[in-house]
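Please consult the sequence and the coordinates alongside the text.

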Amino acid sequence: MKMITRRGLFLLILVIAFIGGLVFMTVSLVNDGDDWVMQPYNSSVYYNGELIGAGKITDCNGRSLAETNDGKREYNDSLTTRKATLHAVGDTKGFISTGVQNVYQAKLTGYSVLSGIYSVTKNGSGNDMQLTLDADACDVAYEALSNYKAGCVGVINYKTGDIVCMVSTPSYDPQNKPSDLDTNERYEGVYINRLLSGLYTPGSTFKIVTAICALENISDIESRTFKCTGEYDPGKGTPIECNARHGTITFEQALAKSCNSAFAQIAIELGPERLAETAKELGLTSTVSVSGDIVSSQGRFFLEKGDADDYVGWTGIGQGDTLISPASMLRLAGAIANDGKAVSLNLVESFATKAGKALDLDFTKKETPILSSEVASKMKKLMRNNVTEQYGDYNYKGLKLCAKSGTAQIDNVDSHNTAWFVGFMDDEENPYAFVVLVEYGNSGSQTAGPIANKVLQALVKD
């Protein structure tokens, strides 16, 4: 009798262990099944370590950007388009981590818990994806950037958050990968999407942040005047040099002329804590999410209580140790244009099976207030004044542009400038916000500004 009882107990333990193992395997299959499938040794999905079993990727107008034909991944017929959309589409080995072919590889194969990769084994490819990108605008951006060592262009619809242009250079042809890609200096950082993953000294574009902080914290800032003699001496430390002797100027003129003397004074009056809080509230020290799954680098703002006045002044004009992602600056420009509300950025328009059945994107667009409507309205007027009084409306015909340029001086072993141009169109029919960044550029308005004009003109013509 005791023997039977022991055997029963042993069998009960085995049953419990079996059921526990089954539950564990089921949960693991649901949670990690896509990772199990998406391994380079799975010949149904990969060939020689390269993704082949994925669906078609198109731009917003239906132009094919990548598709699988006869077991081979092929890209657009245009060499320019292949290079222009490389960082958005991604490569087949996942080196470009933010590319959709890497981020959505399981969904592109059509993988599901119930059917696995049946779609690939039956059709040769998986689900199809349409992006929000306009490939024609990306072509224009790439050609404009190709004259420089490296840079990026980003354009969004600031009402919807859709990314219509995302270009990063240097780039390469994914259809015919260069043999010296990993050894040639011209391809340095080629796998980095500079719009999302780059971090840069903001230069005078940071004066947008200092101006917002001043509007929020200094009641008479709009009626103030400042005296510029060519530099501002905070009393201790390094004098802050200006780009000219501006004389006596208003707050509006100081932003338009990008006066370092005035904005250093403003930054010091505001103090490090207020500037740090504003930078945080505007999202410059956070990551930027794209379609809920693609994430930018996190910005860094080095300023805290007790910092010396000269350091606060340099930081307030964008020449401190602050590092900003172009994506976060683009998001901020869009929020200023959109009455202070930042819209979630999106790159994926839709997913569908080969049969045309729409699939859930698992992404909900949100609007996040990051500054008041009143301050946003004032900043819109100030940035519009920058164009009409400083950059010249004639350089941006018909765009009704609101913008701020920046020329960040990078002093290291290889001293150079980083040219910025950020802003938006104050146009209900063409609600575009943009950022252009050029490494080893000249000045923001002279180098990055014309690139922005070319891309926006192309979008407006469409």
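The model is predicted. Its largest pocket holds about 550 Å³ of space, and an open sheet of five strands has the order 8-7-21-20-19. Strand 19 belongs to that sheet and also gives the most residues to the lining of the pocket.

**The largest pocket**

- The space in the largest pocket amounts to about 550 Å³. Its lining consists of 26 residues, of which Ser204, Asn243, Ser258, Asn260 and Thr407 are the closest to the centre.
- By residue type, the lining comprises 17 polar, five nonpolar and four charged residues.
- Helix 15 (373-391), strand 19 (401-410) and helix 16 (444-461) each contribute at least two lining residues. The greatest contribution, five residues, comes from strand 19.

- Strand 8 (163-169) and strand 19 form the edges, each pairing on one side only. From one strand to the next, the twist averages 5°.
- Strand 7 (residues 150-157) and strand 8 run antiparallel and are joined by six bridges. Within this part of the sheet, Val167 in strand 8 stands opposite Val153.
- Helix 14 (residues 326-337) lies across strand 7, strand 20 (416-425) and strand 21 (432-439). The helix runs at about 30° to strand 20.

**Strand 6 and its partners**

- Strand 6 (residues 128-131) is joined to strand 3 (residues 57-58) by two bridges, and these strands run parallel. Ile57 has Met129 in strand 6 as its bridge partner.
- Strand 6 is also joined to strand 16 (residues 348-352), here by four bridges and in antiparallel orientation. Gln130 has Ser350 in strand 16 as its bridge partner.
- In a regular strand, side chains alternate between the two faces of the sheet. In strand 6, Met129 and Leu131 make up the covered face, whereas Asp128 and Gln130 make up the uncovered one.

**Helix 11**

- Helix 11 (residues 260-270) is largely enclosed by the rest of the structure, because nine of its 11 residues are buried.
- The buried residues are Asn260, Ser261, Ala262, Phe263, Ala264, Ile266, Ala267, Ile268 and Leu270. Asn260 is also one of the residues closest to the centre of the largest pocket.
- Gly271, just after the helix, takes a positive phi of about 90°.

- Most residues other than glycine have a negative phi, and most peptide bonds are trans.
- The peptide bond from Thr169 to Pro170 is cis, with omega near 5°. Pro170 is situated in the loop between strand 8 and helix 8 (194-197).
- Asp339, although not a glycine, has a positive phi of about 55°. This residue lies in the loop between helix 14 and strand 15 (341-343). Its relative accessibility is 36%, so Asp339 counts as partly exposed.
- Tyr440, likewise a residue other than glycine, has a positive phi near 55°. Its position is in the loop between strand 21 and helix 16. With a relative accessible area of 30%, Tyr440 is partly exposed.

Methods. Residues are numbered from 1 along each chain as its sequence is written. This is a predicted model: local features need pLDDT of at least 70, side-chain atom pairs count only at pLDDT 80 or more; totals for chains, interfaces and linings use all residues. Side-chain values use heavy atoms; hydrogens and water are left out. On a 1 Å grid over the protein atoms alone, a cavity is a set of points where a 1.4 Å probe fits but cannot get out, and a pocket is an open set with protein on both sides within 12 Å along at least five of seven lines; lining residues have an atom within 4 Å of a point. Grid points are joined across faces, edges and corners, and a volume is the space filled by probe spheres set on the points. Ala, Val, Leu, Ile, Met, Phe, Trp, Tyr, Cys and Pro count as nonpolar, Asp, Glu, Lys and Arg as charged, and the others, Gly among them, as polar. Two strands pair if DSSP finds at least two bridges between them. Axes are lines fitted to C-alpha atoms, for helices over the stretch in contact, and angles run from 0 to 180 degrees between N-to-C directions. Contact means heavy atoms within 4.5 Å. Buried means under 20% relative accessible area, exposed over 50%, partly exposed in between (1.4 Å probe, protein chains only).
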